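Reader: I would like a close look at one part of this protein, with the terms spelled out as they come up. Please take it slowly and keep the surroundings in view.

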Amino acid sequence: MNLYTFSSELKMIVAIVLVFSAVELGMCAMKDKLSLDLKHINAIPSIVADLDRQPAPHIVFLGNSLTRVSVQTKNIAEVWPAAPSMARIHPDDTTLLDWHYVYQRNFGKALLRQNLIVVSFVRSQLDDNQELHIDRLGSHFAGFQHVREAFKHDVLETGDRMEFLLAGLFCAMANRERVQNRVLASIPGYMEFAKAINRSVRAKTVIPSGARSYTRLQRFLTAVRARGDKVLFVAIPLPSSYRIADELRAAIREGGANLIDMQGVEPLTGRDFPDGYHLSEEAATRFSRSLGRAMAENEFVQAALRGGTER
């Protein structure tokens, strides 16, 4: 290799490093502006700290965009005499494993007061066969704090582990999917097309009865019990009803948790789901009030909240 070639390659490497560094600095500087969801994720530690300063007992609603849209704490409090202190944590497009690490990372500290964790879900979101989002596990949910557990149970392939570590180190890696989505969203008609595809995929998703397992659920419930918290699972309504597997009911019961199936409790039609998945604002108000009444009358909930006043 002659000196000219070496110099040219060196300049190219330096240019790549400079471009990547500029992108990384820009991404880190604007990460809260990439999406409201990312801003919410970054605010989770503050949400937990603020709740812990409120009078006990405490209720934490944990889920995804269904929780953000459907579970309105203001409406729940309206129908609940002496309503407890409440907070919501709802990163978009998340399922049980993400919630497990959100809980571990933010509630695993013994100094926090006892909480009732209300996990809202639909269909197979509590099953083991949910797709992993490695970049978000590495950056926002598990991170380096829980890398040992993640590599032992969840992130098993070398390539996935590299992605996990890079996402924990670099904002550009952690948020590349969000940037991509923002670019795609600028294409006329893309958002409507994406919604149609999502509705089609969700409608065709069928989980074979023999494929269900709940080891992640067991891990989550074990972590919650270790800290002294209680868990209530709430099945959220969709345009089409879905069956809650007997195996899931058994796993919840054996893990010391409880389940409320809110499907059919509030009369809903297709018009109450404007995007084919989430409730409208008016329907969410009605649903939240029904959920508040159901929780206020639930013996498991009341016992959990009585226990939460002792710390």
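How close do the axes of helix H6 and helix H8 come, and at what angle do they cross?

Author: This is a predicted model, in which local features need pLDDT of at least 70 and side-chain atom pairs count only at pLDDT 80 or more, while totals for chains, interfaces and linings use all residues. Residues are numbered from 1 along each chain as its sequence is written, and side-chain values use heavy atoms, with hydrogens and water left out.

The axes of H6 (residues 134-141) and H8 (residues 158-169) come within 7 Å of each other and cross at roughly 35 degrees. Here helices (H or I, at least four residues) and strands (E, at least two) are DSSP runs numbered from the N terminus, and axes are lines fitted to C-alpha atoms, for helices over the stretch in contact, with angles running from 0 to 180 degrees between N-to-C directions. H6 passes H8 in a right-handed crossing, a term that applies if the near helix is turned clockwise from the far one by less than a right angle, and left-handed if anticlockwise.

On the H6 side, Ile134, Asp135, Leu137, Gly138 and Ser139 take part, and they meet Asp160, Glu163, Phe164, Ala167 and Gly168 of H8, where contact means heavy atoms within 4.5 Å. The residues of this contact divide into 4 nonpolar, 3 polar and 3 charged; Ala, Val, Leu, Ile, Met, Phe, Trp, Tyr, Cys and Pro count as nonpolar, Asp, Glu, Lys and Arg as charged, and the others, Gly among them, as polar.

Turning to H8 itself, its 12 residues should span 16 Å at 1.5 Å a residue, and its end C-alpha atoms are 17 Å apart, which agrees; the expected span is 1.5 Å times one less than the number of residues. Glu163, Phe164 and Ala167 in H8 are buried, with buried meaning under 20% relative accessible area, exposed over 50%, and partly exposed in between (1.4 Å probe, protein chains only). These three residues cover an arc of only 100 degrees around the axis, which puts them on the same side of H8, the arc being that of the directions from the helix axis to the C-beta atoms. An α-helix has 3.6 residues a turn, so residues three or four places apart point the same way. The face of H8 turned away from its buried side carries the exposed residues Thr158 and Leu169.

Leaving aside neighbours within four places in sequence, glutamine 130 is in contact with Thr95, Ser124, Gln125 and Arg216.

For comparison elsewhere, valine 48 sits in helix H2 and, at 7% relative accessibility, counts as buried. Setting aside neighbours within four places in sequence, valine 48 is in contact with Ile89, Asn106, Phe107 and Leu112; the C-alpha atoms of valine 48 and leucine 112 are 8.8 Å apart, although 64 residues separate them in sequence.

As for the whole chain, there are 15 helices and 5 strands, and 46% of the 311 residues count as buried. Of the contacts in the chain with a separation of 6 or more, 79% are accounted for by residues 24 or more positions apart.
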